[in-house]
Amino acid sequence: MKKRDIIFICVILAVALLSLVAVILTRQTGVGVVVKIDGKEAGKYPLNVNATYELNGGTNTLIIEDGVAFLVDADCPDKLCVRQGKISKKGQTITCLPNKLTVSVCGEDKGDVDIIS
Amino acid sequence: MKPKKLALLGISIMLSMILSYIESQIPAFVAVPGVKVGFPNIVTVFVLYTLGPKDACIVNIIRVFATGLLFGNPISITYSLCGAVLSLVGMIALKATNWFSIVSVSVVGGVLHNVGQILIAVIITETQQLVYYLPVLFISGTIAGIVIGIAAGIIVKKLKHIIL
């Protein structure tokens, strides 16, 4: 039983590491961020414009600076979202689960010319 | 239900809740939501290997509700419940095959708990990108599962004759 377990666990870790490497290698820089609250899109902001945004009536504060986005403040108890750091690549997300809020980097959307201007 | 069984289930649930509370006091090392050690899983795995799958489900699910009602909110109950259900299904299935030891079962339990929580988070927040957290959670779930599994294995060996 013991040897089989070690193999099993190594396989799981290998799958995890491979997928992590795959994600990191295929990352593309994003164009903007989409803020979703409770599943619904609440805002879209370009990454090339330095600005500060109050999200969700002020529960979370988003800063976009030098092409990266991050939350600088939040009213949630654990502030995990603030600690999640800066995002700038497509697929990266900052999540504030207590406020059901997500900030995700998006690419160019054919129908959203206004985000780039 | 026999009084002895009822008492054992009660104690298990209570122990599970205390472990859950202790765990919530540990500040998160990683900024990814859902990264936990999984102390309450020691109890779940223990019950699974001594009293059986049905009782493991009873203990784990009641613990999720009780902890959620006392310390959390309906949202956190939803997240925990999804993780717990997926975790239980995986652990019971793997244990039934008898191919792996308690450590692997615990690892599967830990990983699936995280997977379940991310899946429901993806659904609730409608953000598919959350799945990018999965690799990190796989690794943390595996490490936690190994530790929990070893601990549970020792406890099962020592206490098995008392329970049965």
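Helices are taken here as DSSP runs of H or I of at least four residues, numbered from the N terminus, and in this predicted model B:Ala151 is placed in helix H6 of chain B. With a relative accessibility of 26%, B:Ala151 counts as partly exposed, because the partly exposed class lies between the 20% limit for buried residues and the 50% limit for exposed ones.

The fold of chain B comprises six helices and zero strands, which gives the pattern α-α-α-α-α-α when read along the sequence. The radius of gyration of chain B is 15 Å, close to the 15 Å that the globule rule gives for 164 residues, so chain B is as compact as a globular protein of that length. The C-alpha trace of chain B spans about 45 × 35 × 25 Å along its principal axes. Of the 164 residues in chain B, 49% are buried, and among contacts in chain B with a separation of 6 or more, 72% are accounted for by residues 24 or more positions apart.

In the predicted model, 32 residues of chain B are in contact with 27 residues of chain A. The area buried between chain B and chain A is about 2,700 Å², and carbon and sulfur atoms give 69% of this area. On the side of chain B that touches chain A, helix H4 (74-97), helix H5 (102-125) and helix H6 (134-163) of chain B each supply at least two residues, and the largest share, seven residues, comes from H5(B). The residues on this side of chain B divide into 24 nonpolar, seven polar and one charged.

Over all chains, the count by the rule comes to two salt bridges. One of them is formed by A:Lys100 with A:Asp38, for which the closest N and O atoms are 3.4 Å apart. A:Lys100 lies in the loop between S6 and strand S7 (101-106) of chain A and A:Asp38 in the loop between strand S1 (32-37) and strand S2 (40-46) of chain A, so this pair ties together parts that are 62 residues apart in sequence. A:Lys100 counts as partly exposed at 21% relative accessibility, and A:Asp38 counts as partly exposed at 36%.

A salt bridge is also formed by B:Lys5 with B:Asp55, where the closest N and O atoms are 3.4 Å apart. Since B:Lys5 lies in helix H1 (residues 3-25) of chain B and B:Asp55 in helix H3 (residues 53-71) of chain B, the pair ties together parts that are 50 residues apart in sequence. B:Lys5 is partly exposed, with a relative accessible area of 28%, whereas B:Asp55 counts as buried at 5% relative accessibility.

In chain A, A:Gln84 lies in the loop between helix H2 (80-83) and strand S6 (93-96). A:Gln84 is buried, with a relative accessible area of 15%, and a polar atom of the side chain of A:Gln84 lies 3.0 Å from the backbone nitrogen of A:Thr95.

Key. Residues are numbered from 1 along each chain as its sequence is written. Chains are lettered from A and ligands numbered from 1 in the order in which they are written. This is a predicted model: local features need pLDDT of at least 70, side-chain atom pairs count only at pLDDT 80 or more; totals for chains, interfaces and linings use all residues. Side-chain values use heavy atoms; hydrogens and water are left out. Contact means heavy atoms within 4.5 Å. Buried area is the accessible area (1.4 Å probe) that two parts lose on being put together, summed over both. Ala, Val, Leu, Ile, Met, Phe, Trp, Tyr, Cys and Pro count as nonpolar, Asp, Glu, Lys and Arg as charged, and the others, Gly among them, as polar. Buried means under 20% relative accessible area, exposed over 50%, partly exposed in between (1.4 Å probe, protein chains only). A polar contact is a pair of N or O atoms within 3.5 Å; within protein, one must be able to donate a hydrogen and the other to accept it, and residues adjacent in sequence count only if both atoms are side-chain atoms. The radius of gyration is taken over C-alpha atoms; the globule rule is 2.2 Å times the number of residues to the power 0.38. A salt bridge is a side-chain nitrogen of Lys or Arg within 4 Å of a carboxyl oxygen of Asp or Glu.
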